[in-house]
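My plan was to look things up one at a time and jot down what turned up.

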Amino acid sequence: MTTIAEELARLEEIVRRLESDDVELDAALTLFEEGVGRLRAARERLLAAELQVQAVLEEAGGDLRTAHLDG
Amino acid sequence: MAPTDAVWSVSQLTAAAKRVVEGELPRMWVRGEVVGCKAWPSGHWYFSLRDAASQVRCCMWKLDAQRAGKPPVDGTEVFVLGKPGIYEAKGEFQLNVSRIIPTASIGRQHQELERVKTLLQKDGLFELARKRPLPEYASAIAVVTSRAGAAVRDIITVSRKRWPCARLFVLHARVQGDGAVDELVRALRVVNRLEVDLCILARGGGDKEDLAAFNTEAVCRALAAVRVPTISAVGHEIDISLTDLVADVRAATPSAAAELALADRREVLRQLDDLAGRLGAGLSGRTRLAAERLERTSDRMQSSMAVLLERHRRQLERLGAQLDALSPLRVLDRGYAVPVAPDGRVLKRRAEFLPGKPFRLRIADGDVPARVEPE
């Protein structure tokens, strides 16, 4: 899954290209569609997110184990 | 004067004295010399603290005594942190001590702090040039702190509110007392084995001596060796530890560290709104541009057609004029006449004009009958 930072960067790129003059109308429509999809997904992702908290434990052998931790 | 009804019982008096003393006098640091220290099998310590003119009874309960280590030797000059109170069973004024620090060790601690500080400074660990910027949108954060402390709860609370997309990895380490240094160093090393964007080293507020672990060379070097950007949130706004100087960023409190570490969801939602607006405007701008272009193109087409037509028209005129110039009628206009035989042949040679033969002279506005005269 992409990170929010990557999503924002891609959206910024889409908007910039749409705002520039050198994009063909067909390409502009495709960009617009992609932008709308990404915007919706990003918004949903932000609103639905729930913080994950995990305790990291180092076992005797040196392996790491994580356990869910309640805030 | 005889006793009246308003006679106080001893308990009433000590209870009242306790209220006054404990209500009026806050927890405080007191400096004095220890005398008659007794460590009881129960774990509590009793001693007195005196200066040239006075003394006060002190007691230190089991848990605090354990934390302090060994009971002070008589004659040691100490700082104690205590809350004045009244022990009602004996009607005694006493200081309930929670911490005890030999005054000499403060000097030693200070010296040790300066030694480590100089060393780390020499190695460039405080250099501004090595400070890394925090990631703009951290999504995985390592938190090194005591799981029992308030720091971890504060960080979780702030993170949940601010950026719930994040994942927090809590690495437990005691933050004070025996073993704290080793546990902090180990936890900081484990951070380098995790896929995280950022590391927060945190501890809630407390007494200055409790910061000791965060002023050790080992912990400072382990923090400097963390591969991701670090935030030190140790102590309180007024306390500064050496880890604060080593970390990329210092936060006054653990909550402040979480705020520095994470983006604000509301801010990003606003940013998405802004992008949505620009996206719409961008498309409609682009469509308008296309329409304008189309219009311009058809304008250009029309005007080039007109130019073409005009050119053709002129060409036609020119050709027409040339055609005209070639037309015999134009020549006749200028006064010439063309002799034409009755069969319509144009008579061009002298031999064709036989004496007495009729012919016609074609002139501009028609033709005239004519006959060749005999020579």
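**Conventions.** I am working with a predicted model, in which local features need pLDDT of at least 70 and side-chain atom pairs count only at pLDDT 80 or more, while totals for chains, interfaces and linings use all residues. Residues are numbered from 1 along each chain as its sequence is written, chains are lettered from A and ligands numbered from 1 in the order in which they are written, and side-chain values use heavy atoms, with hydrogens and water left out.

**Chain A.** I looked up the secondary structure and found two helices and two strands in chain A. Helices here are DSSP runs of H or I with at least four residues, strands are runs of E with at least two, and both are numbered from the N terminus. Along the sequence I read the pattern α-α-β-β for chain A. Of the 71 residues in chain A, 31% are buried (under 20% relative accessible area with a 1.4 Å probe, protein chains only; exposed is over 50% and partly exposed lies in between). I noted an accessible surface of about 4400 Å² for chain A, with 49% belonging to carbon and sulfur atoms (Shrake-Rupley method, 1.4 Å probe; for residues, only the protein chains shown count as cover).

**The sheet.** Which strands make up the open sheet, and in what order? I traced seven: E2(A)-E1(A)-E7(B)-E6(B)-E8(B)-E9(B)-E10(B), with mixed pairing. Two strands pair if DSSP finds at least two bridges between them. At the edges I found strand E2 (64–68) of chain A and strand E10 (249–250) of chain B, each pairing on one side only.

Next I followed the chain A to chain B pairing: E1 (residues 52–58) of chain A and E7 (residues 167–172) of chain B are parallel over five bridges. Here Val56(A) stands opposite Leu171(B).

E7(B) also pairs with E6(B), in the parallel sense over six bridges, and Ala140(B) stands opposite Arg167(B) there. I then checked E6 (residues 140–145) of chain B against E8 (residues 198–203) of chain B: they run parallel and are joined by four bridges. Ile141(B) has Leu198(B) as its bridge partner in E8(B).

**The helices.** E6(B), helix H4 (residues 150–162) of chain B and E7(B) make a right-handed β-α-β unit (with the strands pointing away from the viewer, the path from the first strand over the helix to the second runs clockwise). I saw the axes of H4(B) and H8(B) come within 8 Å and cross at roughly 35°. Axes are lines fitted to C-alpha atoms, for helices over the stretch in contact, and angles run from 0 to 180 degrees between N-to-C directions. The residues making this contact include Ile155(B) and Val158(B) of H4(B), and Ala258(B) of H8(B) (contact means heavy atoms within 4.5 Å).

**Two residues.** Is Ala213(B) buried or exposed? Ala213(B) is buried, with a relative accessible area of 7%, and I located Ala213(B) in the loop between E8 and helix H6 (217–224) of chain B. Beyond four places in sequence, Ala213(B) touches Val175(B), Ala180(B), Val181(B), Leu184(B) and Val219(B). I also noted Gln176(B), 37 residues from Ala213(B) in sequence and 6.3 Å away, C-alpha to C-alpha.

Last, I looked at Thr14(B) in helix H1 (residues 10–24) of chain B. Thr14(B) is buried at 12% relative accessible area, and leaving aside neighbours within four places, Thr14(B) is in contact with Ile86(B), Glu88(B) and Gly91(B).
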